[in-house]
Amino acid sequence: MSELEKESCAKRLKDYEVKFIGQDRNGIANLYDTWSATTYEKDIDAVDHRGRFVMSEKLARVFQGDKECARILDVGAGSGMLAEELLNKGFKLIDALDGSQGMLELAKSKGFYQNYFCNFIEETQGIIEDETYDIVCSLGVIGPGHLESAALGQMFRVTKPGGLICISGVKERWDGDPEYHQRMRSVIAELEASKKLKMLDDSTVIQYYFYQYWHHGVLLLMQKINS
Ligand SMILES: C[S@@+](CC[C@H](N)C(=O)[O-])C[C@H]1O[C@@H](n2cnc3c(N)ncnc32)[C@H](O)[C@@H]1O
């Protein structure tokens, strides 16, 4: 990709971030439907996005069981870029969940996943059974209009006791909106205080993606306590 093309892809990615502001779930799904049908993957690659490599490496390192038998739910799976890296690390059984049908169609064309759920995670009660997954992960879905605080409760619900929950995204989107950040942190703090969840890692990922300068990321890795 030429430098000029890179710049225009990166610019489009930033324009989408602006379009997401103030959208409800339908608006978000429509935007991702359009993006998936056009330039999504090219735009992500143009900013040298490291999120999928960082998260897959972390999960492969920390997960203690048999990777080939571990059931994983990829929340906001998008086109399957994280799943590709998880498969490269030896995981095999990954389900995709995404509110955008367009994104899921793109993911389906790659054949990385076992099952596909076209839903927002906040609305999965009655759709995904409790304690189904060894790992529930979500990459790049942080921010208002994306993962909301109710998402954390659902991610916790569908995780098996002892299982891992991993969330990662752009730091500016995680703590750039103080009210959003507070809503997310309070759910986590409550689960920790009631000894249902243990924080294993809560860190800043240096050099997450590059557009004009290096933007940092966050990665939260939690374990559902075996009660
Ligand atoms: C920036 S993309 C990230 C996709 C993929 N995880 C990756 O890293 O390439 C965000 C995706 O999350 C989906 N999404 C946003 N909010 C969601 C939610 N609350 N539940 C499920 N999917 C959601 C969008 O439709 C979109 O496909």
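Q: In which hand does α7 pass α9, right-handed or left-handed?
A: The model is predicted. In it, the crossing of α7 with α9 is right-handed. A crossing gets that label if the near helix is turned clockwise from the far one by less than a right angle. The angle here is about 35°.

Q: What makes α7 and α9 a packed pair?
A: Helix α7 covers residues 149-158 and helix α9 covers residues 178-193. Their axes lie 8 Å apart. Residues also meet: S149, L152, G153 and F156 in α7 face R183, M184, V187, I188 and L191 in α9. Contact requires C-beta atoms within 7 Å. The residues of this contact divide into 6 nonpolar, 2 polar and 1 charged.

Q: Which residues of α7 are called buried, and what do they pack against?
A: The buried ones are A151, L152, Q154, M155, F156 and V158. The label needs 20 or more other C-beta atoms within 10 Å. These buried residues pack against α9 and several strands, including β1, β4 and β5.

Q: Why is H181 called partly exposed?
A: H181 has 15 other C-beta atoms within 10 Å. Buried needs 20 or more, and exposed needs 12 or fewer. The count of 15 falls in between, so H181 is partly exposed.

Q: Where is H181 found, and what does it touch?
A: H181 is found in helix α9. Leaving out residues up to four places away in sequence, H181 touches W174 and D175.

Q: How do you know that β1 and β2 pair?
A: Pairing takes at least two bridges. Strand β1 (residues 71-75) and β2 have 5 bridges, in the parallel sense. In this pairing, D74 stands opposite A96 in β2. The chain crosses from β1 through helix α5 (residues 81-88) to β2, and this β-α-β crossover is right-handed.

Q: How many bridges join β2 to β3?
A: There are 2 bridges, and the strands run parallel. At least two are required, so β2 and β3 count as paired. L97 stands opposite F117 in β3.

Q: What makes the unit of β2, α6 and β3 right-handed?
A: Look with the strands pointing away from you. The path from the first strand over the helix to the second must run clockwise. The unit of β2, helix α6 (residues 101-110) and β3 is right-handed.

Q: Why is strand β2 described as largely enclosed?
A: Strand β2 spans residues 93-97. Of its 5 residues, 4 are buried, so β2 is largely enclosed by the rest of the structure.

Methods
Residues are numbered from 1 along each chain as its sequence is written. This is a predicted model: local features need pLDDT of at least 70, side-chain atom pairs count only at pLDDT 80 or more; totals for chains, interfaces and linings use all residues. Axes are lines fitted to C-alpha atoms, for helices over the stretch in contact, and angles run from 0 to 180 degrees between N-to-C directions. Two residues are in contact if their C-beta atoms, placed from the backbone, lie within 7 Å. Ala, Val, Leu, Ile, Met, Phe, Trp, Tyr, Cys and Pro count as nonpolar, Asp, Glu, Lys and Arg as charged, and the others, Gly among them, as polar.
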